[in-house]
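Hi everyone, thanks for making time this morning. Please have a look at the sequence and the model, and then I'll walk you through a few places in it.

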Amino acid sequence: MGRIVKPGKVVLVLNGRNAGRKAVIIKSQEDGSGDRHYGHALVVGISRYPKKVTKSMGKKKQNKRSKIKPFVKVYNLNHLQPTRYQLDLPVDKELFNKNSIKDPAQKRIALAQVKEKLEEKYKTAKSRWFFQKLRI
């Protein structure tokens, strides 16, 4: 059977603070590794989605409402629900590994880079589904 949880796959987070949020897999370890003996993945997702923007709003208000708050976290694969969607998110692979995410200074740098990439992707109006709240 082929791998379902590949880098670039859009997933839904099922448990924890970010439950119900959409995320993209950066790296995945399906068999586990040293400190985590279970399948896990490093994901980048949206903690706060952009708000609705209309034509009648000014540029300043549109820019303010288009902000995104990202998160970077290692999740157990049992807590992620894969979707059929893919999102190509070009990030620096050296900046995104489990050890660098533990260090607060490097995590802040990684979050800033992800925020920039996600907002750029949002403004190009591609992958609209990814940037909308999950409706139930």
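This is a predicted model: local features need pLDDT of at least 70, side-chain atom pairs count only at pLDDT 80 or more; totals for chains, interfaces and linings use all residues.

**A short walk through the model**

Let's begin with Pro7, which sits in the segment before strand S1. Residues are numbered from 1 along each chain as its sequence is written, and side-chain values use heavy atoms, with hydrogens and water left out.

Back to Pro7: its relative accessible area is 42%, so Pro7 is partly exposed. For the cut-offs, buried means under 20% relative accessible area, exposed means over 50%, and partly exposed is in between (1.4 Å probe, protein chains only). Pro7 touches Ile25, Ile26 and Gln86, leaving out residues up to four places away in sequence; contact means heavy atoms within 4.5 Å.

Next comes Lys9, in strand S1 (residues 9–13). Is Lys9 buried or exposed? With 12% relative accessibility, Lys9 counts as buried. Pro82 is 73 residues away from Lys9 along the chain, yet their C-alpha atoms are separated by 7.1 Å.

Now to Leu42, in strand S3. Leu42 is buried, at 4% relative accessibility. Beyond its neighbours within four places in sequence, Leu42 meets Val24, Ile25, Ile26, Lys27, Val72, Lys73, Val74, Phe96, Asn97 and Ile101. Its C-alpha atom is 6.4 Å from that of Tyr75, a residue 33 places away along the chain.

Another buried residue is Gln113, with a relative accessible area of 18%. Gln113 belongs to helix H3, and outside four places in sequence it contacts Val91, Asp92, Leu95 and Phe96.

**Charges**

How many salt bridges does the structure hold? There is one, between Lys102 and Asp35, whose closest N and O atoms are 3.8 Å apart. Lys102 lies in helix H2 (residues 98–102) and Asp35 in the loop between strand S2 (22–29) and S3, so the pair ties together parts that are 67 residues apart in sequence. The term asks for a side-chain nitrogen of Lys or Arg within 4 Å of a carboxyl oxygen of Asp or Glu. Both partners, Lys102 and Asp35, are exposed.

Which residues form the positive surface patch? They are Arg17, Arg48, Lys51, Lys60, Lys64, Lys67, Lys69, Lys73, Lys115 and Lys123. Patch residues have over 30% relative accessible area and no salt bridge, with like charges joined within 9 Å and nonpolar side chains (Val, Leu, Ile, Met, Phe, Trp, Tyr) within 5 Å. Helix H1 (59–65), strand S4 (69–76) and helix H3 (104–123) each supply at least two residues of this patch. Lys51 comes from the loop between strand S3 (40–48) and H1, and at 52% relative accessibility Lys51 counts as exposed.

Last stop: Thr124, in the segment after H3. Thr124 is partly exposed, its relative accessible area being 45%. Between the C-alpha atoms of Thr124 and Asp88, 36 residues apart along the chain, the separation is 13 Å.

Terms used: Accessible areas come from the Shrake-Rupley method with a 1.4 Å probe; for residues, only the protein chains shown count as cover. Lys and Arg count as positive and Asp and Glu as negative; His and the chain ends are not counted. The place of a charge is taken as NZ of Lys, CZ of Arg, CG of Asp or CD of Glu. Helices (H or I, at least four residues) and strands (E, at least two) are DSSP runs, numbered from the N terminus.
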